[in-house]
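Hi,

Here is the structure I promised to hand over.

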Amino acid sequence: MAINVTRWSFALLVLLSILPSVFGLYFYLEGAEQKCFTEELPSQTIVIGEYAAEEWNEDTKQFVKNKDSGIEVVVEEMPEGKRVFSQKLAASGKFKFTSSESGTHAICIFSTASGWFDNSKTRITLDLAIRDIGDDGDAPEGTLSELAMRVRDLNDRVDEIRREQAYLREHEKEF
Amino acid sequence: MAATALGRLLLAAFTAMIATTAAILIAGFFSITAEATTLTYSVKANERACFYIWADVPFKKLGFYFAVQSGGSFDIDVEVTDPKGVQLLALERERQGDYIFTANNVGEHSFCFSNDMSTFVEKQIDFEILLEKGLGSDRPLPTEADDQPLGLHAEDRTGQTETSINSLDDTVARLSGSLYRADRMQDHFKTRQSRNYDTVISTETRIFWFSIAESVLIIGMAALQVFAVRTFFSEKRRHFPRV
């Protein structure tokens, strides 16, 4: 019985050590590699990205949160490649930018932890949320009942569908 | 050339129809209890891009939607692997897909897109990965500290009857399902629109080059004819028979 407990706690420890810090979609970056995501945004739209970056530590053979490392986020407007937003950020947190023009934007993320020849692996967990500039912010936690939160979530989804529709309409007009 | 374009359009429409039906059949499933991440990523030629999701509890449902928005013949190789290395899905040259898997094992599930078939064309892919939220599990993002378990019944009902709460619940659930279907429909339309746009652009390019080639050919033929006629009246008249 005692042996089982030790084994299970060891397994749990190993499991916890390799867990990503956030349960969401994540991907790996090697060295200074960057991954870009394209989003078609109408003008005056806020994009909030929530991310967490973990670095591979050779000594402990795990992904650890390193306070000194960080990521850089660069947003460019696609057809011209005009840089709209560029910011160096800490290892985890949120970034926010507003699109000034309607069009395809490329949101590129790369790790600043490594230099040119360094080949460290970084795990980045990312979640992008797109909101209209007129939306009010999230209510403080605990003030809404669960049902109200779900209705609010439905509202957000309807807004997203409408926004995408508006963008498609504009695209088709040009077409 | 026109036949291929028309054929492609028809095939795209047909695939879209089938995919829409499939999507509607499995729609509403993720209406309440899923966290979704939708991203658009450009896979460069000969690149293999992988995205991962961590399933913390076994037997959760994983939803996976992808559609190729632009590039070449709008197809991509897809591979989904579970933590033990078992291949859950392996597709070659697929245009779009909407799948649900049961994550039997805890751990890292990988969703890989492979663009080996292109030499220089990059493919833009819209994809969405959903992970069913377990009842009683916390919201995953650490900045939103949510201690309430996400059950299906409201915890605080102040002065409302049981029946009205349940019907509200049902209405919200139905709305959620309808919204999910509407969202999927829109994704299909968006994909179709980008394919049609691409077809039109390629037709335009082909017409342009065709007319240039045609002009060059006409001018070339005219020059050839002029040259041929000139040789009839050249100095070497003695080679021609005298009638």
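This is a predicted model: local features need pLDDT of at least 70, side-chain atom pairs count only at pLDDT 80 or more; totals for chains, interfaces and linings use all residues.

Rings of Phe, Tyr and Trp (its six-membered ring) count as a pair if their centres lie within 6.5 Å; planes under 30 degrees apart are stacked, over 60 edge-to-face, and the rest tilted. On that basis there are 20 aromatic pairs over all chains. Take B:Phe64 and B:Phe111: the ring centres are 4.8 Å apart and the planes sit at 45°, so this pair is tilted. B:Phe64 belongs to strand 3 (residues 60-70) of chain B and B:Phe111 to strand 7 of chain B, so the pair ties together parts 47 residues apart in sequence. Strands here are DSSP runs of E with at least two residues, helices are runs of H or I with at least four, and both are numbered from the N terminus.

Residues are numbered from 1 along each chain as its sequence is written, chains are lettered from A and ligands numbered from 1 in the order written, and side-chain values use heavy atoms, with hydrogens and water left out.

Back to the rings. Both B:Phe64 and B:Phe111 are buried (buried is under 20% relative accessible area, exposed over 50%, partly exposed in between, with a 1.4 Å probe and protein chains only). They also belong to one aromatic cluster, whose members include A:Phe27, A:Phe37 and B:Phe51. A:Lys35 lies over the face of B:Phe51, 5.9 Å from the ring centre (the rule: NZ of Lys or CZ of Arg within 6 Å of the centre and within 35 degrees of the ring normal).

Now the salt bridges, meaning a side-chain nitrogen of Lys or Arg within 4 Å of a carboxyl oxygen of Asp or Glu. One of interest joins B:Asp169 to A:Arg150, with the closest N and O atoms 3.0 Å apart. That pair crosses between chains, from helix 2 (residues 162-232) of chain B to helix 2 (residues 146-174) of chain A, and both residues are buried. Another links A:Arg162 and A:Asp159 at 3.7 Å, N to O. These two are 3 residues apart in helix 2 of chain A, so about one helical turn separates them. A:Arg162 is exposed at 54%, whereas A:Asp159 is partly exposed at 21%.

Cheers
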